[in-house]
Every structure is written in C-alpha cells, then in structure tokens.
Amino acid sequence: MKKTYNELTITLDDDYVELIADFIANLIDDAVELGIGNIIVRSENDLTSVKDALAAFEGIEMSFKLEEKENKDWIKAYQDSVQPIEAGKFYIFPSWYEPKEELINIKIDPALAFGSGHHATTFSCLQAISEFVKAEDRVVDVGCGSGILGLAAKKLGATVELCDTDPISVKSTQENFALNEEAYDKLWEGSINQADGCYDVVIANIIADVLKFIAKDLKKATKENGYLILSGILDKKEKNLLGSFQELTLIKRIEKDEWVTLVYKKETNG
Ligand SMILES: C[S@@+](CC[C@H](N)C(=O)[O-])C[C@H]1O[C@@H](n2cnc3c(N)ncnc32)[C@H](O)[C@@H]1O
C-alpha cells in the first residue's frame, strides 16, 4: 500500500450524478462515492486521466478538484473481484482467467477506458452485436472506449473501424486489440463525422445527449438496409431521443437495469 492516495471530487448537476458515477465505475476499479451534486473517487493511481475522460464529455458541466491525501486503507479490492461475464455469443474475461471453448472469447483487463463488459450498456450492445453483425459486414464502433464492441464485431468476421474523442480510449483500444491478437481496419481520435463512407452496422454506446447531438452523422454513416445500434440511454432520457431517429425503423429494444439499447434499421426508403 502506498503512503498516499489521490482523491478526485467532481461537482455537477445532481441529475447526472448516477450516470457519471456509472461511467467512472467502468473506467477504474476503485471506490466511487456518490453525494448530492458531487462524486468522490479515491485511488492510489493517478486520476488525471479520469478527469480528462470526464472533461471530454460534451453537454454536461462538471468541475474537478484533484488532491493527494494520506492513505488510510481504501485500495486493493475490485481488481481481485473482477469476474468474467457471458454476453450474447461472447465470453469477456480478464487475462488471469482461462478462455471458454464454446463461446467467442474476448480478453479485457480492467483499465482506464470504459468497456469491461460489466456495464448494462456494453452488455446489451454485445447481445445486439451477436444478433445483427455478420461476417464481412463493415462496422464502426463510435465511442469505442476499451474497444470491446469493435473487438466483438471483429471476432465475428466483420471489417471494423473505431473512434473515440478520448485519446486514452484510443490507446486502450490499441492495447486490447493487441491483447486479443486482432487487427482493426481503422482507428481514429474523433467522432463519426470523420468517417469515410457508410457502414452495414454503426454502434454507438455513448450517452443520450451526445447521441442526439451526433444523430445526423450516425444516420448518414448507416448504409441503406444497415443497422444502427444506440446505447448509453438512461430510460428517463429515451423518449426525448426517439424523435432524432424517427425516420429509421426501430426493430429491437433491450432494457437492462435503468439503461436502454435501441437497434434501428435504415430501410431503403427510410
Ligand atoms: C460509455 S463509453 C462506451 C465504451 C465502449 N464502447 C463500451 O460499450 O463499453 C462512451 C465512450 O464514448 C466516448 N465519447 C464521448 N463523446 C463522444 C463523441 N461525440 N464521439 C465519439 N466518442 C465519444 C467517451 O470518451 C467514451 O469512451
């Protein structure tokens, strides 16, 4: 145990506390404390990159205080308790576990970027990918985080491109593709507006407000008769989002915990 730990206090609108806390819990393995209008994260690791990842979120005002404090006894727990999970056709496991023969294996170690597979939004996307991605599809993973969704599509034989506005996610995606001995076809720091052409499947697990903000580009990037998988939508935000995608056909809705995943088809006349 180190002599000191880092404490990051995030002050934000109380409506977003749970959402952002969920996001942080998937970035790191350390304790996240929820307050009224604030979240406190404590870790022996440097929390600058968590702060930077949060600062990259568009549409949510946050202020940050990062301090170094004397260590009492937090740390050391979650990493030991990270369990593998099964989602759709996939088995997501940390490297200290053995793969499972009957499933498609994806090795992900807990790291700074979002996407260990445990969060309801990632889990539901993996289910949707199992159902809608076919070999040789051209797929883009928008907001790739750890790269887990792109990796899943790659394992199904798709051509995969990925992007994220956060450089830590881009790095983490590179590392996770290497860890799984897979190669992506393109990876860039940025968003879907920089994509080149159209895709059979567009996947975006971000948050409702951002999905709304980039709706036009997501729809444009989806091929005729292609699929658009949207996730990261809190149930209370769903209604407000639907209007931005109303010209597409909603073919599947997956609800897990308080999170909703929507699968749209862009019909030929859509
Ligand atoms: C909830 S995480 C999803 C990570 C991973 N795809 C998964 O399903 O577990 C959302 C990611 O979207 C990224 N992001 C936020 N706004 C974005 C935008 N406008 N365009 C692309 N990525 C964005 C964040 O940096 C974050 O890595």
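Two strands are taken to pair if DSSP finds at least two bridges between them. Helices (H or I, at least four residues) and strands (E, at least two) are DSSP runs, numbered from the N terminus. The structure is a predicted model, in which local features need pLDDT of at least 70 and side-chain atom pairs count only at pLDDT 80 or more, while totals for chains, interfaces and linings use all residues. Residue numbers start from 1 along each chain as its sequence is written.

On this basis, strand S11 (residues 199-205) and strand S12 (residues 222-234) run parallel and are joined by 6 bridges. Tyrosine 199 has threonine 222 of S12 as its bridge partner. Both strands belong to an open sheet of 7 strands with mixed pairing, in the order S10-S9-S8-S11-S12-S14-S13. Strand S10 (186-189) and strand S13 (249-256) each have a single partner strand, so one side of each is left without a neighbour in the sheet. Neighbouring strands of this sheet are turned against each other by 15° on average, direction ignored; axes are lines fitted to C-alpha atoms, for helices over the stretch in contact, and angles run from 0 to 180 degrees between N-to-C directions. Helix H9 (residues 235-242) packs on the sheet and touches S12, S13 and strand S14 (259-265), with its direction at about 145° to that of S12. Contact here requires that the C-beta atoms of two residues, placed from the backbone, lie within 7 Å.

Elsewhere in the sheet, S8 and S9 pair in the parallel sense over 5 bridges. Valine 142 has cysteine 163 of S9 as its bridge partner. Of the 5 residues of S8, 4 are buried. A residue is buried if 20 or more other C-beta atoms lie within 10 Å of its own, exposed if 12 or fewer, and partly exposed in between, with C-beta atoms placed from the backbone.

Valine 142 is also one of the residues touched by leucine 218; the others are Ile192, Val202, Ala204 and Leu228, not counting residues up to four places away in sequence. Leucine 218 lies in helix H8 (residues 215-221) and counts as buried because it has 28 C-beta neighbours inside 10 Å. Between leucine 218 and threonine 9 the C-alpha to C-alpha distance is 33 Å, at a separation of 209 residues in sequence.

A second open sheet has 3 strands in the order S5-S6-S7, also with mixed pairing. Its edge strands, strand S5 (85-87) and strand S7 (104-107), each pair on one side only. The twist from one strand to the next averages 25°. S5 and strand S6 (residues 90-93) run antiparallel and are joined by 3 bridges, with tyrosine 91 of S6 as the bridge partner of glutamate 86.

Helix H4 (residues 120-132) has 13 residues and spans 18 Å from its first C-alpha to its last, close to the 18 Å expected at 1.5 Å a residue. The expected span is 1.5 Å times one less than the number of residues. Buried residues of H4 include Thr121, Thr122, Phe123, Ser124 and Cys125. In helix H5, 7 of the 8 residues are buried, namely Ile148, Leu149, Gly150, Leu151, Ala152, Ala153 and Lys154. Glycine 157, which follows H5, has a positive phi near 100°.

H4, helix H5 (148-155) and strand S9 (159-164) each supply at least two residues of the shell around the ligand. The largest share, 3 residues, comes from H4. Of the 27 residues around the ligand, Gly115, Thr122, Gly143, Gly145 and Ser191 come nearest; a residue is near a molecule if its C-beta atom, placed from the backbone, lies within 6 Å of it. By class, the shell has 14 nonpolar, 10 polar and 3 charged residues, where Ala, Val, Leu, Ile, Met, Phe, Trp, Tyr, Cys and Pro count as nonpolar, Asp, Glu, Lys and Arg as charged, and the others, Gly among them, as polar.

Most residues other than glycine have a negative phi. Glutamate 136, in the loop between H4 and strand S8 (138-142), has a positive phi of about 75°. Glutamate 136 is exposed, with 9 other C-beta atoms within 10 Å. Glutamate 181 also has a positive phi, near 55°, and lies in the loop between helix H6 (167-179) and S10. Glutamate 181 is exposed, with 7 other C-beta atoms within 10 Å.
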